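Subject: Structure for you to look at

Hello,

Here is the structure I promised. Please open it first, then read my notes below.

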Amino acid sequence: MAEILTLTLNPAVDVATSVDRIVDTRKLRCSTARRDPGGGGINVARVVHRLGADCEALYMAGGVPGLTLSAMIEAEGLHATRIGIAGETRENFSVRETSSGREFRFVLPGPLLAETEWQACLRHIGGLAVAPRYLVLSGSVPPGVPDDIYARVATIVRQHDTRVVLDTSGAPLAAALAAGVFLVKPSLSELCTLAGHELDDDAQRLDAARKIVRDGGAAIVALTLGDQGALVVTADRALRVPGFAVPVSSSIGAGDSFLAAMVWSLNRGMKFDETLRYAVAAASASLLTEGTRLCDREQIERIHRELELAGADIVSVA
Ligand SMILES: Nc1ncnc2c1ncn2[C@@H]1O[C@H](COP(=O)(O)OP(=O)(O)OP(=O)(O)O)[C@@H](O)[C@H]1O
Ligand SMILES: [Mg+2]
């Protein structure tokens, strides 16, 4: 068993293209499309693999797009296990409007899963001969799957030393936090939904993150704030991590890259500040590439060195 296992219940074939201007009614002649394997856990596994760690992606897929997805995962050299489903894996579509630089992301719900299918996934995790050190539960929950699926997974692996890492939204996020995880990475909108109100400044965001830690929801809350970087809270620390500006080609997968580098560096036993520098470096590196191409190790190391040199630093907040 790999040291880092990721789970993707609702993966996608990500199709990315560009067009000069988006207008209604008229045919929009797009550039040649780029296709990448996508979905939270798969993206995390791709970046962890590029960083050179022992990683496996577990995912559910079906239909012709599911075969395409498996072929793309294999082509990346990723160690992966697929649980077959009767439905068709979704395709997500993103278009970059070159005249404005804006990116439009069309995200489909994904296929309806039968109870036997998601139960097979739980059985697979329950039956792992060797437990991973980190289990990353990332991405949306497809139709037909109960909202407490990630909570159930977290409960199944509790008997082992596995550290559960969570990146999802809405009811599945709330349910998994009620079960308790090691690390959660909400975006600002995900944390606002969880808190039930807007979080307008760092003080309010800090309160909401601290509440998760206090209630036993997660030992580490890494709140990502887009170009503003991140706010990371544990039982005894609260750190403000500045973002690193790069020319943005596509913001798809920035959060996944952040999480991948954080898990990779935690698994390597790096100091906490260092894990956060790597997380920001990977997130910024992923912005440089189009669609869901994500980043490679050389780009991550280059930005990481720049972050160290710039001394743009991580500060403790009260
Ligand atoms: N425009 C930007 N400029 C600089 N850094 C950015 C920008 N957007 C995102 N980032 C970096 O990426 C990290 C994650 O971004 P964000 O908070 O948007 O995640 P997310 O909403 O989970 O993204 P995803 O779409 O992958 O789910 C941020 O903490 C930051 O380091
Ligand atoms: Mg996200």
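How much accessible surface does the protein have, and what share of it belongs to carbon and sulfur atoms? The surface comes to about 13700 Å². Carbon and sulfur atoms hold 51% of it. Accessible areas come from the Shrake-Rupley method with a 1.4 Å probe, and for residues only the protein chains shown count as cover.

Some ground rules. This is a predicted model, where local features need pLDDT of at least 70 and side-chain atom pairs count only at pLDDT 80 or more, while totals for chains, interfaces and linings use all residues. Residues are numbered from 1 along each chain as its sequence is written, chains are lettered from A and ligands numbered from 1 in the order written, and side-chain values use heavy atoms, without hydrogens and water.

Overall build. The protein has 10 helices and 14 strands. These are DSSP runs, numbered from the N terminus: helices are H or I with at least four residues, strands are E with at least two. The C-alpha atoms fill a box of roughly 55 × 50 × 40 Å along the principal axes. For 318 residues, a compact globule would have a radius of gyration near 20 Å, and the protein agrees with 19 Å. That radius is taken over C-alpha atoms, and the globule rule is 2.2 Å times the number of residues to the power 0.38.

Inside. Buried residues make up 54% of the 318. Buried means under 20% relative accessible area, exposed over 50%, and partly exposed in between (1.4 Å probe, protein chains only). The largest nonpolar core has 55 residues, and Leu183, Met262 and Ile300 touch the most other members. Helix 9 (residues 272-287) gives the most to this core, with 10 residues. A second, separate core of 44 residues includes Leu137 and Leu199. A nonpolar core is a set of buried Ala, Val, Leu, Ile, Met, Phe, Trp, Tyr and Cys residues joined through side-chain atoms within 4.5 Å.

Most residues other than glycine have a negative phi. Thr25 has a positive phi, near 65 degrees. Leu294 also has a positive phi, about 65 degrees. Thr25 sits in the loop between strand 2 (12-19) and strand 3 (34-38). Leu294 lies in the loop between helix 9 and helix 10 (297-310). Which of them is buried, and which is exposed? Thr25 is exposed, at 79% relative accessible area. Leu294 is buried, at 1%.

Best wishes
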